[in-house]
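Please look at the sequence and the structure first.

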Amino acid sequence: MKIKAIKQNGIVQTLCRMCDTRCAINVHLKDGVITDITPFDRHPVNQGRMCPRGSAAIDLFYHPHRILKPLKRQPDGTFSNVSWERALDEIAEKMLGLKDQFGARSIGVWKGEGVGFYQQEGYPRRFIQAFGSPNYFSNDSACYNGRYMGHSLVTGFWNAFPEFSHADLIILLGTNPPICHPPFMREFADGRERGVKLVVIDPRLNPVACYADIFAQPYPGTDGALGWGLIRYLIETKNYDSELVERYSIGFDKIAAYANKFTPEYVEKQSGIYSHVVENIAQLVIKNRPNISIFPGTGLEHHDNGVNSVRTFAILACLCGNIDISCGLFWPEEMGGRQLNLYGEIQLEDQKPIGADKFPALYDIRKECHSMTAMDYMLGNGEYPLKGLILTAANPAVTNPNTRKVEKALSTLDLFVVNDFFLTPTAKLAHYVLPAATFLERSEIHYFPKRQMVNLTQKVLEISGVRDEYSLWHDLAHRLGFGEKYFPWKNEEEVNRWILEPTGISLEKLRRHPEGYVYKAVRYKKHLKKKLPTPSGKIEFASAYLKSLGLSEIPEYVPPHHICQTSTLYPFVLTTGARKSLFYHSRHQNIPRFRNVHPQAVVEMHPQDAADLGISNDDLVRVTSEVGSLDIRAKVRHPSELRPGVIEIYHGWEDWRVNFLTHDDINDPISGFPALKAVQVKVEKIGR
Ligand SMILES: Nc1nc2c(c(=O)[nH]1)N[C@H]1C(S)=C(S)[C@@H](COP(=O)(O)OP(=O)(O)OC[C@H]3O[C@@H](n4cnc5c(=O)[nH]c(N)nc54)[C@H](O)[C@@H]3O)O[C@H]1N2
Ligand SMILES: Nc1nc2c(c(=O)[nH]1)N[C@H]1C(S)=C(S)[C@@H](COP(=O)(O)OP(=O)(O)OC[C@H]3O[C@@H](n4cnc5c(=O)[nH]c(N)nc54)[C@H](O)[C@@H]3O)O[C@H]1N2
Ligand code: SF4
Ligand SMILES: [Mo]
């Protein structure tokens with residue numbers, strides 16, 4: 001590795017991107033080598049703390065298996081080194097050939113969780129629009145879009161992280177903050193000193209549930225019923241913000257009429273949450289409104305009724321008068337920097353973005369194509385063929401549902417390029433694997449919406465032979481003939497300046513503010529003065545837009561498929577993907593000190609279920625769904641940790657891929673999300 005550090009000795013302040021929390025860190029350098037990563041104590045997000053995954057950036061950066069030169073797959077399946085110039089020339093030539101033969105839309109791009117949002121997502125979006133194809137895919141076909149859409153359909157904006165420390169009541173639904181968003185726990189601890197109450201709704205006792213005043217375990221996918229039960233209670237007892245409803249919302253009569261049937265007893269029947277617990281939660285809501293943080297995680301969106309569950313709780317928040325306040329649904333104002341995407345300039349709707357026919361709201365609201373449907377197009381079962389894919393920072397051969405189909409589909413591509421650090425199961429299927437740069441090797445502008453704050457991250461080091469994300473798209477664009485027009489900037493520094501120019505904020509200024517620069521002082525209750533960004537300009541309890549698409553106008557509660565169609569063959573419900581502290585999806589299994597903590601995959605089971613099947617701890621069991629099967633060790637949990645009938649398997653294991661079992665065709669009708677947290681399965685003991 002030939003490494004150039006921006007300084008040989010000392011500390012560089014930047015943001016960690018081992019997850020999207022983006023804690024501020026000090027990177028310590030000695031003779032050009034990173035010796036330590038410690039928290040930077042003047043940043044409001046992490047306030048001088050960090051989690052163990054942050055320092056693992058060192059393990060990642062110097063990992064012995066890191067790919068440092070482009071690889072090309074040979075006819076015998078092995079990989080050989082090629083130069084960057086040759087790899088990019090050949091990729092560009094192939095792209096132009098496919099474009100000539102099948103049209104630009106036969107090629108797509110895909111960005112994964114490895115690079116996150118904002119600027120790094122902007123590059124592939126810009127690239128593929130400029131190329132003339134609408135086919136932009138991402139991990140967000142199974143992440144975040146569901147929550148984004150659920151909130152923005154009601155209020156017009158995304159529910160950025162609330163200021164939990166200002167709440168009097170926090171309701172967490174299907175989310176696991178101590179593991180997933182560690183700084184939340186500090187905010188919670190601050191709130192706790194003031195007596196904040198906590199309600200946790202999760203079929204599994206996740207770590208934060210141990211601190212809850214009320215912990216309720218619903219059947220997976222039934223949160224919507226609880227949401228409607230709480231709405232009914234507020235309306236019945238006239239304990240809602242009537243002024244907000246009258247002046248700033250539409251559709252109240254419709255939800256009031258629909259909520260009627262959700263008595264506590266009916267909610268109990270639907271969700272398994274005792275009726276008196278439903279009432280207790282409702283009373284806590286009434287007592288503490290409007291200062292309530294209602295926060296849903298993937299546990300809601302990974303169901304076939306996910307968006308409507310999220311909408312139901314967004315409506316509940318609005319009824320509590322919880323809109324545009326610090327601990328509630330906060331409406332961030334933008335900085336006003338330039339956007340990288342080209343949606344204002346190039347319209348490609350007539351090119352039939354993949355999935356836009358099945359899930360029109362997904363493309364409309366997020367300008368994203370549906371990654372599961374992409375597999376059908378690759379396999380020749382789409383309206384037109386998808387022949388080429390450039391994928392960066394994702395590992396769908398592990399993380400996308402119905403993984404065997406994903407592998408088969410990716411293997412049929414005429415051109416498959418993967419940009420990653422490692423030869424992942426996805427990269428092994430590629431024609432070209434390009435060596436990717438870590439976050440320590442790039443500089444980007446990052447926003448913290450809830451604080452209306454911006455940071456510039458620092459490029460700490462450079463490895464010869466490794467190119468950052470911008471360079472990849474830039475270098476390809478120039479070979480394809482649209483570089484000068486759409487990727488004119490020589491490097492990230494020039495892009496950063498172009499983005500910032502209209503704001504009057506300089507790069508130098510951001511460099512002087514490693515603690516973050518507030519681009520606009522936060523104001524609350526803006527909806528009293530200006531229209532909300534919904535079609536009606538008001539809070540939408542009922543959406544005429546969804547109705548026009550033939551979807552439910554109000555977020556009607558439809559029980560999940562495993563309840564509508566119970567199966568004697570597959571009597572268990574498998575929830576997947578409850579995060580582990582040291583793993584990040586499919587990442588970090590190759591970091592030995594982390595692997596020692598999580599050595600192998602397990603299926604977590606309720607002791608009664610295990611006893612019924614004669615299963616003891618560590619027995620080898622086979623879990624089978626309609627899609628596939630997986631052999632895995634059993635972990636028998638304490639009776640309070642899981643609902644009986646529910647089992648759980650983590651989703652990132654390369655050697656035990658739970659997505660062999662998940663369906664790609666049981667989807668939420670609004671977002672197209674796969675039902676990753678409700679798979680009907682059977683369990684058999686196969687050995688010790
Ligand atoms: N350490 C670590 N941190 C991460 C990640 C990681 O892989 N590792 N991933 C990051 C990413 S990309 C994301 S999207 C976030 C996800 O962050 P979260 O959504 O906060 O976390 P998950 O662990 O996915 O939690 C989902 C919870 O939902 C529960 N659940 C399952 N079904 C239901 C249901 O029907 N109803 C309810 N109420 N609960 C249900 C599960 O038992 C689980 O506890 O985490 C981020 N942070
Ligand atoms: N069954 C089931 N499946 C799930 C989920 C679940 O809960 N259950 N969760 C879903 C969710 S919420 C998400 S977000 C997705 C995540 O799915 P993916 O986006 O596939 O995420 P990762 O597995 O983390 O893969 C990221 C890849 O990017 C690489 N990488 C990391 N950083 C960088 C970088 O800076 N640049 C580049 N070029 N590469 C980088 C890593 O080496 C890794 O191979 O998984 C989804 N899949
Ligand atoms: S929570 Fe951990 S991994 Fe995420 S940004 Fe902070 S230190 Fe990095
Ligand atoms: Mo995610």
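A polar contact is here a pair of N or O atoms within 3.5 Å; within protein, one atom must be able to donate a hydrogen and the other to accept it, and residues adjacent in sequence count only if both atoms are side-chain atoms. By this rule a polar side-chain atom of asparagine 659 lies 2.8 Å from a nitrogen atom of ligand 2. The model is predicted, and local features need pLDDT of at least 70, side-chain atom pairs count only at pLDDT 80 or more, while totals for chains, interfaces and linings use all residues. Residues are numbered from 1 along each chain as its sequence is written, chains are lettered from A and ligands numbered from 1 in the order in which they are written, and side-chain values use heavy atoms, with hydrogens and water left out.

**Domains and their interface**

The protein chain is divided into domain 1 (71–139 + 340–518), domain 2 (160–330 + 526–548) and domain 3 (561–687), with bounds that come from an automatic or database domain assignment. Between domain 1 and domain 3 the C-alpha centres are 31 Å apart, and 20 residues of domain 1 are in contact with 24 residues of domain 3, contact meaning heavy atoms within 4.5 Å. The area buried between domain 1 and domain 3 is about 1800 Å², and carbon and sulfur atoms give 55% of this area; buried area is the accessible area (1.4 Å probe) that two parts lose on being put together, summed over both. Of the area that domain 1 buries against domain 3, Phe359, Val398 and Asn402 supply 27%, more than any other three residues.

The rule finds 13 residue pairs in polar contact between domain 1 and domain 3, both residues at pLDDT 80 or more. On the side of domain 1 that touches domain 3, helix H14 (360–366), helix H16 (396–399) and helix H17 (403–411) each supply at least two residues, and H17 gives the most, with four residues; helices (H or I, at least four residues) and strands (E, at least two) are DSSP runs, numbered from the N terminus. Three salt bridges are counted between domain 1 and domain 3, a salt bridge being a side-chain nitrogen of Lys or Arg within 4 Å of a carboxyl oxygen of Asp or Glu. Lysine 405 forms a salt bridge with aspartate 664, with the closest N and O atoms 2.6 Å apart.

**Ligand surroundings**

A residue is taken as near a ligand if one of its heavy atoms lies within 4 Å of it. Around ligand 1 there are 33 residues, of which Thr175, Asp202, Gly221, Asp223 and Thr298 come nearest. Ligand 2 has 33 residues around it, and Asn395, Thr399, Asp420, Ser586 and Arg587 come nearest.

| Residue | Protein atom | Ligand atom | Distance |
|---|---|---|---|
| Glycine 174 | polar backbone atom | nitrogen of ligand 1 | 3.3 Å |
| Isoleucine 201 | backbone N or O atom | nitrogen of ligand 1 | 2.9 Å |
| Aspartate 202 | side-chain N or O atom | oxygen of ligand 1 | 2.6 Å |
| Glycine 114 | backbone N or O atom | nitrogen of ligand 2 | 3.3 Å |
| Lysine 677 | polar side-chain atom | oxygen of ligand 2 | 3.0 Å |

Ligand 3 is surrounded by Cys16, Met18, Cys19, Arg22, Cys23, Met50, Cys51, Arg53, Gly54 and Pro182. Arginine 22 also meets glutamate 444 in a salt bridge between their side chains (3.5 Å, N to O). This pair links distant parts of the chain, 422 residues apart, with arginine 22 in the loop between strand S2 (10–15) and strand S3 (24–30) and glutamate 444 in the loop between strand S16 (432–435) and strand S17 (445–448).
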